[in-house]
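Subject: Structure for you to look at

Hello,

Here is the structure I promised to pass on. Please open it alongside this note; my findings follow below.

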Amino acid sequence: MPRIAKVEPLTQTRAVRGPFDYLLTNGLSRVDVGSVLTVPFGGRRVRGVVVGLAQESELAPERLATPLSALELGVPAGLVSLALWMADQYCSTPARALALVLPPGAADGRTGAPKTALVAELTPAGVEALSNGARLTQGQRAMLDLLRRDGPLPAAAAPLAHAGLRRLAGRGLIALGARVQERRPSTTAVGARGAATPRLTGAQASALQAVVERLDSASAQSSRGLLLHGVTGSGKTEVYLQATAAALERELGTIVLVPEIALTPQIVTRFQERFGDTVAVLHSQLGAGERADEWRRLRRGEARVCIGPRSAVFAPIDPLGLIVIDEEHDQSYKHEGDPRYDARCVAAQRAAQSGAVLLAGSATPRPESVHTLRRLRLDERVDGRPLPPVRVLDMRACPTLLHPDTRAALADVRRARAKAIVLLNRRGWSNFLSCRSCGHVWECPDCDVTLVLHRAAAQLRCHHCGHRRALPTRCDEGCGSVAVARHGTGTERLESELIEGLGSPDFPIFRLDSDSVSGKDGIAAVLAEFDAAPAGVLLGTQMVAKGHDFPDVTLGVVLDADATLRFPDFRAEERTFAMIAQLAGRAGRGPGGGRVLVQTTAPEAPSIGHAARHHADRFLEGELARRAALRYPPFGELIRVVCSSPSPGAALAAAEAVGERIAPSPVDVLGPAPLFRLRGRERAQLVIKAPERAPAVRAVGAAVDAVARRRAHRGVAFSVDVDPQ
Ligand code: ADP
Ligand code: ZN
Ligand code: ZN
């Protein structure tokens, strides 16, 4: 038995670098890699994770401390190595990375003890008593009958009072015992389509076969992952379902990553219908207890399929056969905390390390995935319906929010008693306010951005820091004019215009954005209402374009489609293409057919043109050629360093210093460039472009550490983002 546990303490300080040796005594049996211990550490007790075992330590045994206790369930050893890999890849610390893979609550000690309940169960003597005419009251007989028919029952739900149950238990006819009761998260069923397994189309069948071949091949470890590039409505989800079934047949578990659980209730419903209780759901909006229970079900192997957003990539499933990444183009797979991991890269690493198959799917895959994964195609919709025709409407000469053709199309939908989805990727009423006499523009006091008008709340809000203030009635920059102009349109104003122009009790207008709904249940409720309504409009931000499957939507509209293009980001084209193609995917899924209108002031932009003609391949070819020329991902690596500080000039100076330290290595350093002020802090960024990731991450990490230690840069915060999105 190993005597030494190498423990990584879960402290927040970057300066502490473990692991540290602890002496295992007989009291703590079954300590293994992945065990979660409480250990004495620098005069405190802290949680720590066992990252290795050894027979000998470099320190004498009497100098080693002994762990105080261990959690009953630790994490699978594979997740420990995954976390350590992540710490390295994303310029973070082992403690921060390990905190992501621990049982819910373990890092802060709130594990949510399992809830137990008293359960009644029929004994053999009880079965006997039912048939041999033993002396039983009517209530007692009914109770035993119920247990025979339905199996064990919580005492609280029994028709017999507690004393009555005790009496039966006393006669040995039933057994009463405390059982752990799992808290199962409830989900709103949206778009239930029945549990029957449909016959696959030819394209689906060959995609499935490719997955199954990898499941069965011993060399899955070394092979690349798979990319299911299927147009919207081509039945990708059905391939995920049957691939999961194939993994389960082989006693292997599956992780299904979805962009955001609230926006994808349909896929959860379909997995639960197909596989029942073996599906666990893990996401941050579950209660602490529910999350801990779902985690335990997975860890003990009672559940073998886990659906959730990016953090579900750490689900404690062992052995793992398959990781599905649905809508793999979605930006939510990137985590914005430390470590700034990308769940898609972590999934690829986890699949490689555990011999599982990686299956990423999208109608608008990323150029990176097209380049690195083996592509499986589903080029047609399951029902053989064509993709809806897309018309681009030039808004350069159109002063109104809606183009006349858009108005007419919406009126047609209303007349036909059908449904439309309208996307405007901007919240609020107006983007900004200005004074008509002096030109003053209302800005956030803490960020260099304009404040957005939210009319229902009678507030101006900063969309970056959350700052709010009351609506001004006159110019407060001294001029005092009451002529305040409102510029631009957001979803709130669009909703009001649509209600005025179209809405009626039998043609409801639903708005979906982060102001109009809160939480997972709020979003699911709006989607369910829209699904259930016989006709109407769903309008909102990007939320409305995510994988929903509403068969009766005949019109999709994108307003201000070039808004995403105006961001100075090399992924702007890709995002614009995906947004239009995804929205087009929501339309025309039923017998009513469908069409799509795209309003833009940049009708000649290639991303818009290709999306309108459904030319995914041509778009991807162009993007990959452009990126190869610029050495952008996947042909090079990008690392972003952001320095921020409340004192003027400090952020820029620190960024310069970091740049100077990195410069001697064979990488390109772009910048520093100032970013807009955020939450009262000036910011400056450096972008490092390098041919290879690992050495570049090391060089950047070392440079940041060195600069952060200098007194001259005290008070500056540094954030390193590997492969920024
Ligand atoms: P995608 O995920 O590619 O957008 P879905 O998986 O949502 O497509 O499939 C679209 C619709 O087609 C769903 O309602 C689904 O139940 C149905 N479907 C999928 N595969 C088949 C099949 N082989 N036969 C019949 N219907 C199918
Ligand atoms: Zn003014
Ligand atoms: Zn602000």
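In which sense do β3 and strand β5 pair, and over how many bridges? The pairing is antiparallel, over two bridges. One thing before the rest: this is a predicted model.

**Around β3**

Thr 38 has Ser 69 of β5 as its bridge partner. Strand β5 covers residues 69-70. β3 also pairs with strand β4 (residues 44-54), again in the antiparallel sense, and here there are six bridges. In that pairing, Pro 40 faces Arg 45 of β4. The β3 and β4 hairpin has two residues between its strands. Gly 42 has a positive phi there, near 55°. Strand β3 itself (residues 36-41) is mostly covered, with five of six residues buried.

**Zinc ion, ligand 3**

Four cysteines coordinate this ion through SG: Cys 444, Cys 447, Cys 462 and Cys 465, at 2.3 Å. The site is tetrahedral, with angles of 105 to 115° among the four donor atoms. For reference, the ideal angle for four tetrahedral donors is 109.5 degrees. Along the sequence, the donor residues are spaced C-x2-C-x14-C-x2-C. Cys 447 sits in the loop between β18 (432-435) and β19 (452-454), and Cys 462 in the loop between β20 (459-461) and β21 (468-470), so this pair ties together parts 15 residues apart in sequence.

Are these two cysteines buried or exposed? Cys 447 has 0% relative accessibility, so it counts as buried. Cys 462 is at 3% and therefore counts as buried too. The cut-off for buried is under 20%.

**The sheet of β19, β20 and β21**

These three strands form an open sheet in the order β19-β20-β21, with antiparallel pairing. β19 and β21 are the edge strands; each has a single partner, so one side of each lacks a neighbour in the sheet. From one strand to the next, the twist averages 30°. β19 and β20 run antiparallel and are joined by three bridges. Val 452 is opposite Arg 461 in β20.

**Zinc ion, ligand 2**

This ion also has cysteine SG donors: Cys 435, Cys 438, Cys 475 and Cys 479, lying 2.2 to 2.4 Å from it. The donor atoms subtend angles of 99 to 120°, so the arrangement is tetrahedral. The spacing along the chain is C-x2-C-x36-C-x3-C. Distant parts of the chain are linked here: Cys 435 is in strand β18, Cys 475 is in the loop between β21 and β22 (484-487), and they are 40 residues apart. Both Cys 435 and Cys 475 are buried.

**Nonpolar cores**

The largest nonpolar core has 73 residues. Those with the most contacts inside it are Leu 257, Leu 298, Phe 314, Val 346, Ile 639, Ile 688 and Val 700. Helix α18 (residues 650-662) gives the most to this core, namely seven residues. Another core lies apart from it and has 38 residues, including Ile 523, Leu 538, Val 558 and Ala 612.

Which residues does Ile 688 touch, leaving aside neighbours within four places in sequence? Its contacts are Glu 637, Leu 638, Ile 639, Val 641, Ile 662, Val 667, Asp 668, Val 669 and Val 700.

Best wishes

Key. Residues numbered from 1 in each chain as written. Chains lettered and ligands numbered in written order. Predicted model: local features only at pLDDT ≥ 70, side-chain atom pairs only at ≥ 80, totals over all residues. Heavy atoms only, no water. Core = buried A, V, L, I, M, F, W, Y, C linked by side-chain atoms within 4.5 Å. Buried < 20%, exposed > 50% of the residue type's maximum accessible area, 1.4 Å probe, protein only. Helix = DSSP H or I, 4+ residues; strand = E, 2+ residues; numbered from the N terminus. Contact = heavy atoms within 4.5 Å. Donors = N, O, S within 2.8 Å, 3.2 Å for Na, K, Ca; no water. Tetrahedral: all angles 85-135°; square planar, octahedral: opposite > 155°, others 65-115°. Pairing = 2+ DSSP bridges. Axes fitted to C-alpha atoms, helices over the stretch in contact; angles between N-to-C directions.
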